[in-house]
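Here is a friendly walk through a structure, arranged by topic so that you can follow along in your viewer. Please keep the sequence open beside it as you read.

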Amino acid sequence: MKLEDATAFTARCLHGEPASCSYACPFHMDIRAFLEKASKGRWLPAYKTLRNATVFPVIVSILCDQPCRAHCQRQLLGDEAIAIGALEAASIRYTKNRKAESYVIPPKNQRIAVVGAGVAGLSCALNLAQKKFGVTVFEKKDGWGGSLRGHPRFAEFDADIALQFSAVRTEFRFGAEVKTLAELAEFDAIYIATGAGGDSFGLLESWGGELQTTSEPRVFMGGELCGASLMEGIAQGIGLSKTIEVFLQTGKAAPTYGDRYDKEKCERYLAHDGAVSAPRVLASSPDGYTEEEAKAEAGRCLQCDCVKCMAACEMLKRFRKAPHTIAVEAYNDMGVNPPFSIHTLTREVYSCNICGYCKSICPESVDMGALLQFSRAARMSAGIHPSALHDFWLREMDFATSEGSFASAPKGKEACAYAFYPGCQLGASSPAHVLKAYEFLREKYDAGILLGCCGAPAYWAGDEKRLHANIDRIRQDWTDLGNPTLVFACATCESIFGMFLSDIKRVSLYELLARSEEMTPVRAFPEAAVFDPCAAREDSAMQAGVRTLAAKAGVGLEELRENNRCCGYGGHMRTANPSLYEEIARNRAGASGKPYIVYCANCREVFASQGKECTHILDMVFGLDSGLRVPSLQEKRDNSLRVKKELMKKNRDVDFEPEIHEWDALVLIIGEDVQKSMDSKLISAADLKEAIWQAEKSGDKFFDESDGMCICSMVKPVTTYWVQYKEAGPGTYEIFNAYYHRMSFNREE
Amino acid sequence: MNAEERTWKCAKCKKELVIRKTVFSYLGHTVAHEARTCPGCGKVFISQDLAEGRMAEVEEQLEDK
């Protein structure tokens, strides 16, 4: 992975970028930071921010016409822009003991001549003198200041210049007019800033704009001489000091800051939902703000910085990393060399629902889920992924795409124009949903059936190999069926097909049901909210189909304030971050007091487990009532096989018998609490049967002789399962406890 | 009686378990920790408290590293 591969995902992210005011400011001062410090009364840090950006803080605070105020986003709320000039003055007034900047660095040999002691020349001279270059300022008048010398407040400007130069060594030659550049032959670089109408030594025509070069290699020009305003002139001098430094090191005049200050970005405003209007603080004295007034006015700054995704998404909020940081860490993690360095993003990478919500609310459509999925795929490719986080789901997918798979046209046919693609979870959760829906589709559309798994578990695990092998399998089945239009019951399946099998025509089951006159869904609740699955975000037809069905049943529908958020299931993040999953599921369930109508088996399961009243739309359509019952892992497997068995019989007249293991005959007695615990730990009854069968056969187990209680374990590649049980009859065992760990250990000999 | 209070014995060797330092590994890292083992055949017993407590903690840290 190259850094650019990761940062490409967040290139357009606005977070951390300068605010609109900074783009308008001639000095590109970090106004946000200045105001943040001022709002806390941290006058010295605020003053330093001002001084470092403007070089002559008193001159600038008095004379700048504050173009930043035209782009202060307070105005979007109908408020007056922040009184920046008054606050700059306050920071100067309230900073005790203002000192000039100086660095402890060794002196440099190179010498620079500055022609003209106006503020443009002076700002360049000061910055270079601070870097310990030998700077000589030539000025034909007998003092500095240039065009400011006649100003009524020149005394204050004079004092500012004197203060800022007080800590550095600069040679001033006043009353010395430079007649030709040949006089300056001994200098390594020359800056001509002789003011409006001043002598340009014949080089004005050749002035190079932004880099301030001329046709003479080591001669630069700027300031009011070249048509800049006073403030622009100071800013040019500051920029040029950096250009000259690079020139003296490399012999080339190259830009030293990139395109970060594109002028147009001063019009890039954010949405400020929820911000409260606040009028400008008025100064009680003609001399300016008191400290408290200044703090209050500075506190009006909205600190414009886009945090939309970080404020809205529980995952981003919890980990608190900014998008640019996440991209850089995703790249860095690929180069980690244990034990010398560690990964920093792993937990976050696997905690994402990959639901697309952040992208949908981002003003620049930055997709953090796509970045994190990309990181998962890179980790798995490199073999550094923690297998345990997705292993269970990949094994389920393997089951659904092998033993649980089946493709067939309707009975007696070889090909079909439509085929039902229910996905792996619907039948597992409720066989009746799949069987009755298929009945409808077979009757109305002569549809075939395609049982399998779309590969979402592999996509979410970053398992490109498994994903693409399965895509190829699907394509083969689809071709064998005569390239039918596929009817989807699951929005996630549809979105996977949209990404990897986009040429296959898709339609949702719910639209087809909604079109059918005979369908009379049963009312489950008088009032409800439709909870759209996150994957249906772009699918307005599917969303409308479900609402039509619900309305047909006479349910009073309420729209959720936020649509298409993930219920918590997405990305299979529960294993990686159980507490975050709980927080998300709870928040979603609590988004409305009304019961939910869902059309995703996983959403249904999440809400049912939260005790939230809900129903799958297919329950309403077919007059069923699944209540809040959630099948166990074992029941889900059995359900899937039952669906396949019935459809194989119906379509091909074949009796399908699932593979039987020796331990299948065991009977387990599992109490409700134990079952719940097993499901949340992703331990299935089949795993326990296998463990117990092996333990009883080999005698390899622990026992408590006081009552015959046993504990045994079973080691699988990624997980070791433990089960506590007691024999309750021939081939029958009562389960008391089941748990697991991922670490392996060696038997002591 | 909960599992922690019970006296577990190895079913094969019929011996009571003793505490021994055991080496665990996960994701290429090794960690040593005390665990109950059979003095006869060396079989290691991991209680639920250990598995879902200290082991789960360390597993999470190692996954993050």
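In this predicted model, Phe34(A), Lys37(A) and Ala38(A) of helix 3 of chain A meet a set of residues in helix 4 of chain A, namely Trp43(A), Pro45(A), Ala46(A), Thr49(A) and Leu50(A).

**Helix 3 and helix 4 of chain A**

- Helix 3 covers residues 31-39 of chain A and helix 4 covers residues 43-54; their axes come within 8 Å and cross at roughly 160°.
- Angles over 145 degrees count as roughly antiparallel, and helix 3 of chain A and helix 4 of chain A are therefore roughly antiparallel to each other.
- The crossing of helix 3 of chain A past helix 4 of chain A is left-handed.

**The parallel sheet of chain A**

- Chain A has an open sheet of five strands in the order 3-2-1-4-5, with parallel pairing.
- Strand 3 and strand 5 (219-221) of chain A are at the edges with a single partner strand each, so one side of each has no neighbour in the sheet.
- On average, and with direction ignored, neighbouring strands of this sheet are turned by 20° against each other.
- Strand 1 (residues 111-115) of chain A runs parallel to strand 2 of chain A, and five bridges join them. Within this pairing, Val115(A) has Phe138(A) in strand 2 of chain A as its bridge partner.
- Strand 2 (residues 134-139) of chain A also pairs with strand 3 (residues 171-174) of chain A, in the parallel sense and over four bridges. Here Val137(A) has Phe172(A) in strand 3 of chain A as its bridge partner.

**Helices that go with the sheet**

- A right-handed β-α-β unit is made by strand 2 of chain A, helix 8 (residues 154-165) of chain A and strand 3 of chain A.
- Helix 7 (residues 119-130) of chain A lies across strand 1, strand 2, strand 3 and strand 4 (189-192) of chain A, and runs at about 160° to strand 2 of chain A.
- Helix 9 (residues 230-250) of chain A lies across strand 1, strand 4 and strand 5 of chain A, and runs at about 165° to strand 4 of chain A.

**Helix 17 and helix 21 of chain A**

- The axes of helix 17 (residues 391-401) of chain A and helix 21 (residues 464-480) of chain A come within 12 Å and cross at roughly 15°. That makes helix 17 of chain A roughly parallel to helix 21 of chain A.
- This crossing of helix 17 of chain A past helix 21 of chain A is left-handed.
- From helix 17 of chain A, Leu394(A), Met397(A), Asp398(A) and Thr401(A) meet Arg466(A), Asn470(A) and Arg473(A) in helix 21 of chain A.

**A closer look at Ile496(A)**

- Is Ile496(A) buried or exposed? Ile496(A) has a relative accessible area of 2%, and buried means under 20%, so Ile496(A) is buried.
- Ile496(A) sits in helix 22 (residues 491-500) of chain A.
- Leaving out residues up to four places away in sequence, Ile496(A) touches Cys454(A), Ala456(A), Tyr459(A) and Leu501(A).
- Ile496(A) and Val168(A) are 328 residues apart in sequence, and their C-alpha atoms are 65 Å apart in space.

**Chain B**

- Chain B has one helix and four strands, and its elements run β-β-β-β-α from the N terminus on.
- Taken along the principal axes, the C-alpha atoms of chain B fill a box of roughly 40 × 25 × 15 Å.
- Chain B has 65 residues, of which 40% count as buried.

Terms used:
Residues numbered from 1 in each chain as written. Chains lettered and ligands numbered in written order. Predicted model: local features only at pLDDT ≥ 70, side-chain atom pairs only at ≥ 80, totals over all residues. Heavy atoms only, no water. Pairing = 2+ DSSP bridges. Helix = DSSP H or I, 4+ residues; strand = E, 2+ residues; numbered from the N terminus. Right-handed = clockwise from strand over helix to strand, strands pointing away. Buried < 20%, exposed > 50% of the residue type's maximum accessible area, 1.4 Å probe, protein only. Contact = heavy atoms within 4.5 Å. Axes fitted to C-alpha atoms, helices over the stretch in contact; angles between N-to-C directions. Parallel < 35°, antiparallel > 145°, perpendicular 65-115°, else oblique. Left-handed = near helix turned anticlockwise from the far one by under 90°.
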